[in-house]
Amino acid sequence: MAYKTLDSVTRADIESLGINKEDAERLYETLIGIVANYGAGTPQTWHHISKRLLNPTLPFSFHQMMYYGCYKNFGPDPPAWIPDPETAILTNVGQLLERQGKQLLGSKYKDPLSCFSDFQEFSVANPEVALM
C-alpha cells in the first residue's frame with residue numbers, strides 16, 4: 001500500500017479505515033496540530049502521535065497510516081524505535097556520536113538524535129571508515 005505523508009492525510013482517509021466520522025474528526029484535528037508543531041516526519045512527530053493519537057482500540061491500518069506517513073521520506077526501512085534525547089545519548093551509536101560526531105559530521109553535528117540521519121548517510125557513503 002502507498003502511504004501519504006502525514007500532511008497529506010485527510011479526514012476521509014481516516015474514515016476510510018472504518019473509523020466513525022466523529023472519531024475521525026477528532027483524530028484528524030489532533031494530527032494536524034501535531035504536524036503543525038513538529039513537522040510531518042520527525043522523531044518528535046512520531047513521539048506525539050504514539051502518545052496522543054494511537055491506542056489499541058483503533059484499527060491497525062490507522063497505526064500503519066500514521067507510522068508510514070511519518071516516515072514516508074525516511075527510506076525503505078523506517079526506524080522501529082527512536083529513543084528520547086536522554087536515552088539516545090546512552091546507546092552505542094549515541095556514545096559514538098558524542099565522542100566523534102563533530103569529527104565525522106562537522107558542522108552538521110548537534111546531538112545524537114537529531115543527527116542520526118546525517119550519520120546514517122555518512123556511514124553508507126563512507127563504509128571504509130573504521131569507527132571505534
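Leaving aside neighbours within four places in sequence, which residues is Thr10 in contact with? They are Lys4 and Tyr28. Contact here means heavy atoms within 4.5 Å. Before going further, note what kind of model this is. It is a predicted model, in which local features need pLDDT of at least 70 and side-chain atom pairs count only at pLDDT 80 or more, while totals for chains, interfaces and linings use all residues. Residues are numbered from 1 along each chain as its sequence is written, and side-chain values use heavy atoms, with hydrogens and water left out.

Start with the whole chain. The protein chain has 7 helices and 0 strands. From the N terminus on, its elements run α-α-α-α-α-α-α. Helices (H or I, at least four residues) and strands (E, at least two) are DSSP runs, numbered from the N terminus. The C-alpha trace spans about 55 × 30 × 25 Å along its principal axes.

Now look at what is covered. The protein chain has 132 residues, and 34% of them count as buried. Buried means under 20% relative accessible area, exposed means over 50%, and partly exposed lies in between (1.4 Å probe, protein chains only). The protein chain exposes about 8300 Å², and carbon and sulfur atoms supply 54% of that area. Such areas come from the Shrake-Rupley method with a 1.4 Å probe; for residues, only the protein chains shown count as cover.

Take the contacts with a separation of 6 or more: residues 24 or more positions apart account for 46% of them. The chain has 11 positive and 15 negative side chains. The centres of these two sets lie 2 Å apart. Lys and Arg count as positive, Asp and Glu as negative, and His and the chain ends are not counted. Each charge is placed at NZ of Lys, CZ of Arg, CG of Asp or CD of Glu.

Return to Thr10. It lies in the segment before H1. Thr10 counts as partly exposed because its relative accessibility is 32%. Its C-alpha atom is separated by 18 Å from that of His48, 38 residues apart along the chain.

Move on to Ile19, in the loop between helix H1 (11–15) and H2. Is Ile19 buried or exposed? Its relative accessible area is 8%, so Ile19 is buried. Not counting residues up to four places away in sequence, Ile19 touches Ile14, Ala24, Leu27, Leu58, Pro59 and Phe62. Pro76 is another matter: Ile19 and Pro76 are 57 residues apart in sequence and 28 Å apart in space, C-alpha to C-alpha.

Next come Tyr38 and His48. Tyr38 lies in helix H2 (residues 21–38), while His48 is found in helix H3 (residues 43–52). Tyr38 is partly exposed because its relative accessible area is 31%. His48 has a relative accessible area of 19%, so it is buried. Leaving aside neighbours within four places in sequence, Tyr38 is in contact with Gln44, Thr45 and His48. By that rule, His48 is in contact with Ile34, Tyr38 and Leu53.

Helix H6 (92–105) deserves a slow look. It has 14 residues, but its end C-alpha atoms are only 17 Å apart. A straight helix would reach 20 Å at 1.5 Å a residue. That expected span is 1.5 Å times one less than the number of residues. Where does H6 bend? It bends at Arg99, by about 65°. The bend is the angle between axes fitted to the seven residues ending there and the seven starting there. The buried residues of H6 are Gly94, Leu96, Leu97, Gln100, Gly101, Leu104 and Leu105. Their cover includes helix H5 (85–88) and H7. Just after H6, Gly106 takes a positive phi of about 65°.

Finish with Lys110, in the loop between H6 and helix H7 (116–125). Lys110 is exposed because its relative accessible area is 61%. Lys110 and Lys4 are 106 residues apart in sequence and 29 Å apart in space, C-alpha to C-alpha.
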